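Please look over the sequence and the model shown here before reading on.

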Amino acid sequence: MKTIVIIAAGGSGSRMNAGINKVLLPLCGKTVLRRSMEAFAVHADRMVVTARPEDMEAVRREIESAPLPFPVVVAEGGASRQESVLNGLRAADCEPADVVMVHDGARCMADADMIERVLGSCLRSGSGVPVLPVTDTIKECGADGTVLRTPDRSVLFKAQTPQAFRYRELLEASEQAARDGFTATDDASVMEHAGFPVHTVEGSPRNIKLTSREDLMEAQRMIEQQVPVFRVGHGYDVHRLVPDRKLVLCGVDIPWEMGLLGHSDADVALHALMDAMLGAAALGDIGQHFPDTDPAYRGISSILLLKETNRIIREKGYSVVNADITIAAQKPKLLPHIPDMRKNVAAALGCPVDSVSVKATTTEKLGFEGRMEGISAQAVCLIQGTASVSSD
Ligand code: MG
C-alpha cells in the first residue's frame, strides 16, 4: 500500500489580484506550492500536482527547481476542481489498495500532526477529513438577504484538506459524480454523494487556505514566528572483517575477498551516519531503535534502516542539511565507489547529492584498520528543524 498525494493547484487566484496563480507566489523564500508539497515530506510515496494548462510549465519548473523526497508528476487540471482531481486520480498510477490524500495547493500551512490524524483515520475506517468547529453563528439567507434559517452551530464544522480516502473508492465516487453531473467544493462531498461514509478528525487552525492578500500576510506572520534550529551529531562504528561475508558500504556491494561481520548487512558507514542523525536529534542510538537481538533486522539492508532513521527524525520535525562520512579501511580501494555511495545516501535521505560527502582513508597500516581486522567509520551530520516563538 502506498500513499499518493494529489495537490489541486488549478486555482486562478483572482481574489489575490496577483496576475499569476497564487500557488506560485513567493512566501518567505519559497513558493506557496513548494511549502504545500514539502508538508507531505514524511507521508507521501508519490505526488500528482494538477494545474491549469497555462500554468503547467511554471509548475513543472517549480517542481524541478529543488529535490523532493518523493517523485512528482504534473497533470492537466479540468474546468472545475472536481474534474482536476479526477484527472489527477487517473494520472496517479495507483493500486486499488492505495491511499489518496487530496490537498488544496493554497493550504501551505498543513502540519505533520494533522496529516497523521487524517491518514490514521483513513487507515482505520477508509476516510479522514480534517474539520474545525464553527465558532460564528451561521445564517442561511434568501436572495434578498433576509434570514431564512439559523442552523444549530454545535453540529456544524468547517472542512479542510488534506482529505484521505481509499484510492479505489474515491475514483469510483468521482466517476459517479461526473456521470451524475454532481458538483461539489471538496472530495468528501463527492464521497457522500456516492454513499460512502466520511469520517472526520480534528483539523488545524493554522491550516488556512490562502485566498486573499490578508491570508498571505497571516501565513507570513506564522512562518516568521518559526525560527530555524540547527543541531549537529556525531557517529562512530566498527565492524570486524571476516572471509565469506559481503562488503557493503553506503549501500554499495564492493567486490572483495572479505566482508564485515554483523547482524544486519554490517554497513559500518551507514551505521555511523544513522548514529550521527539520531545523536543530532538526541534520540538515542541505532542499538536502541534497531536492536541486534531482533530477528527482523537479520541480514537487513542498512539503506532501509537509514530510511527509517530519516523518518524518525522527520517525525520530530528535523531534516538533514548535510552529512559527512569518513571510512577508515586499509583495503580495498574505495574511491571508484564513492559516487554511488553518495547517490545511495542522498536518495535514502531525499536530499541533493551535494549535501552528502563520503571520504575514505587508510590508517597507514596502523591499528586494527591497518591490520585489516576491521573497518571503522565516523560521520557528522547537521539537521534542521523549526521552533515556534510566541509573538507575545
Ligand atoms: Mg554497526
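The paragraphs below take up a helix, a pair of helices and a residue in a strand.

This is a predicted model, in which local features need pLDDT of at least 70 and side-chain atom pairs count only at pLDDT 80 or more, while totals for chains, interfaces and linings use all residues. Residues are numbered from 1 along each chain as its sequence is written, and side-chain values use heavy atoms, without hydrogens and water.

Helix α7 spans residues 213-224; helices (H or I, at least four residues) and strands (E, at least two) are DSSP runs, numbered from the N terminus. D215, L216, A219, M222 and I223 are the buried residues of α7, where buried means under 20% relative accessible area, exposed over 50% and partly exposed in between (1.4 Å probe, protein chains only). Down the axis of α7 these buried residues fall within an arc of 120° (taken from the directions from the helix axis to the C-beta atoms), so they line one face of the helix. An α-helix has 3.6 residues a turn, so residues three or four places apart point the same way. On the face of α7 turned away from its buried side are the exposed residues E214, M217 and E224.

Helices α8 (residues 268-280) and α10 (residues 302-315) pack at an angle of about 5°, their axes 10 Å apart. Axes are lines fitted to C-alpha atoms, for helices over the stretch in contact, and angles run from 0 to 180 degrees between N-to-C directions; contact means heavy atoms within 4.5 Å.

M101 belongs to strand β6 (residues 99-104). M101 is buried, with a relative accessible area of 0%. Leaving aside neighbours within four places in sequence, the contacts of M101 include I4, F40, V118 and P162.

How values were computed. Expected span 1.5 Å × (residues − 1).
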